[in-house]
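Thanks, everyone. Please have a look at the chain on the screen, and I'll take you through the contacts.

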Amino acid sequence: MGGLNEVTITRAIINKYFKKLEDNVEVDVAVVGAGPAGLVASTCLAKAGYKVAIFERKLSVGGGIWGGGMLFNEIVVQEEAKRILEDFNIRVSKFEENYYTADSIETVSMLTAKAVQSGVAILNCITVEDVVMRPNRVIGLVIIWSAVEMAGLHVDPLAIRAKYVVDATGHDTEVVRVVQKKVPGQLLTPSGEIEGEKSMWSEKAEQLTVENTKEVFPGLFVAGMAANATFGGPRMGPIFGGMLLSGEKVAKLIQERLKQES
Ligand code: 48H
């Protein structure tokens, strides 16, 4: 066995990480949030040949999948979305007609593995705190290390350029929120502002999550729970089909745009 040098280990990490970061300073699509919607969206886009990076605030990916419902680590999907789990080689079992379950740990693991192996760069522990605009279009992200945010340090951020940005930040719809603050009243929602998430109604919410998956400001799309929060749909509880279908839909919409523009 060869020798091991701590300094070489350190160099290897610094070298590889900063190469990964630098490679993703300009991307076709920047996805914010590595929950179910963000993971599916980015995998679909990467498989179609686009350069995609996900920026995730937390150390862990998977967003709200891990805890299933109330920390009980199983998720539910409906018939329509079952094929997406199967595409990711996630084992699904039938509970009743139209109700299928999957182990939430397996779901996060397989969604993540497929994303990375399809070429998606997942940059975790990075928080998106703002967007880059020119002047009426989102053209990138403003990012800061989550450790800086957590420590409350006054440190300037860095920027990423993207042809399209996806807000897949879940309930808080954080990217749209920042855009709303900068250009009040100009979102492509009925009121021009964030409509706000409504109370639980699983069936309607699942349908609306997909319908609400669209462009909310030039260059900025919403997917997953962020789509419902932005356009005023209800929450659905621990059924995840809508999140997966929304990820797939946003990838299709952006792919059409990128094709038109190339
Ligand atoms: C970087 C950020 C930032 C930021 C947030 O919450 P998620 O799992 O989002 P979805 O939409 O893929 O899935 C929603 C689902 O998990 C859920 O909550 C459901 C179905 N709820 C129903 C109900 O009734 O409650 O993932 C979002 C991810 C998280 O990992 C965040 O850490 C991350 O986005 N994130 N990353 N910069 N500013 N904000």
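One of its oxygen atoms sits 2.8 Å from a polar backbone atom of glycine 64. The protein buries 92% of the 800 Å² that the ligand exposes when taken alone. Those areas come from the Shrake-Rupley method with a 1.4 Å probe, and for residues only the protein chains shown count as cover.

This is a predicted model: local features need pLDDT of at least 70, side-chain atom pairs count only at pLDDT 80 or more, and totals for chains, interfaces and linings use all residues. Residues are numbered from 1 along each chain as its sequence is written, and side-chain values use heavy atoms, with hydrogens and water left out.

Back to the ligand. Two further backbone pairs. An oxygen atom of the ligand is 3.0 Å from a polar backbone atom of alanine 37. A nitrogen atom of the ligand is 3.0 Å from a polar backbone atom of arginine 57. How many residues surround the ligand? The number is 27, and the closest are Glu56, Gly64, Met225, Arg235 and Gly237. The cut-off for being near is a heavy atom of the residue within 4 Å of the molecule.

Arginine 235 first. Its side chain meets that of glutamate 197 in a salt bridge, 3.9 Å from N to O. This pair links distant parts of the chain, 38 residues apart: glutamate 197 is in the loop between helix 6 (174-182) and helix 7 (202-211), and arginine 235 is in the loop between helix 8 (225-231) and helix 9 (241-261). By salt bridge I mean a side-chain nitrogen of Lys or Arg within 4 Å of a carboxyl oxygen of Asp or Glu. Helices (H or I, at least four residues) and strands (E, at least two) are DSSP runs, numbered from the N terminus.

Buried or exposed? Glutamate 197 counts as partly exposed, because its relative accessibility is 28%. Arginine 235 is also partly exposed, at 35%. The classes: buried is under 20% relative accessible area, exposed is over 50%, and partly exposed is in between, with a 1.4 Å probe and protein chains only.

The structure holds 11 salt bridges. Here is another. Glutamate 215 pairs with arginine 257, the closest N and O atoms being 2.5 Å apart. That pair also links distant parts of the chain: glutamate 215 is in strand 10 (residues 215-217), arginine 257 is in helix 9, and they are 42 residues apart. Glutamate 215 counts as buried, because its relative accessibility is 17%. Arginine 257 is partly exposed at 25%.

Now arginine 57. Salt bridges that share partners join Arg57, Glu149 and Glu174 into one network. Threonine 127 ties in here. Its side chain makes a polar contact of 3.2 Å with that of glutamate 149. A polar contact is a pair of N or O atoms within 3.5 Å; within protein, one must be able to donate a hydrogen and the other to accept it, and residues adjacent in sequence count only if both atoms are side-chain atoms. Threonine 127 is found in strand 7 (residues 126-133). It counts as buried, because its relative accessibility is 2%. Leaving aside neighbours within four places in sequence, threonine 127 is in contact with residues including Arg57, Ser146 and Glu149. Contact means heavy atoms within 4.5 Å.

Alanine 147 lies in helix 5 (residues 146-151). It counts as exposed, because its relative accessibility is 54%. From alanine 147 to arginine 57 is 90 residues in sequence and 9.3 Å in space, C-alpha to C-alpha.

Next, strand 5 (residues 99-103), the place of tyrosine 100. Which side chain joins that of tyrosine 100 in a polar contact of 2.7 Å? Glutamate 79 does. Tyrosine 100 counts as buried, because its relative accessibility is 6%.

Last stop, helix 1 (residues 6-23), where phenylalanine 18 lies. Aspartate 23 and lysine 19 are both in helix 1, 4 residues apart, about one turn of the helix. They form a salt bridge, with the closest N and O atoms 3.2 Å apart. Aspartate 23 is partly exposed at 38%, and lysine 19 is partly exposed at 47%. Phenylalanine 18 is partly exposed too, at 42%. That's my tour; over to you.
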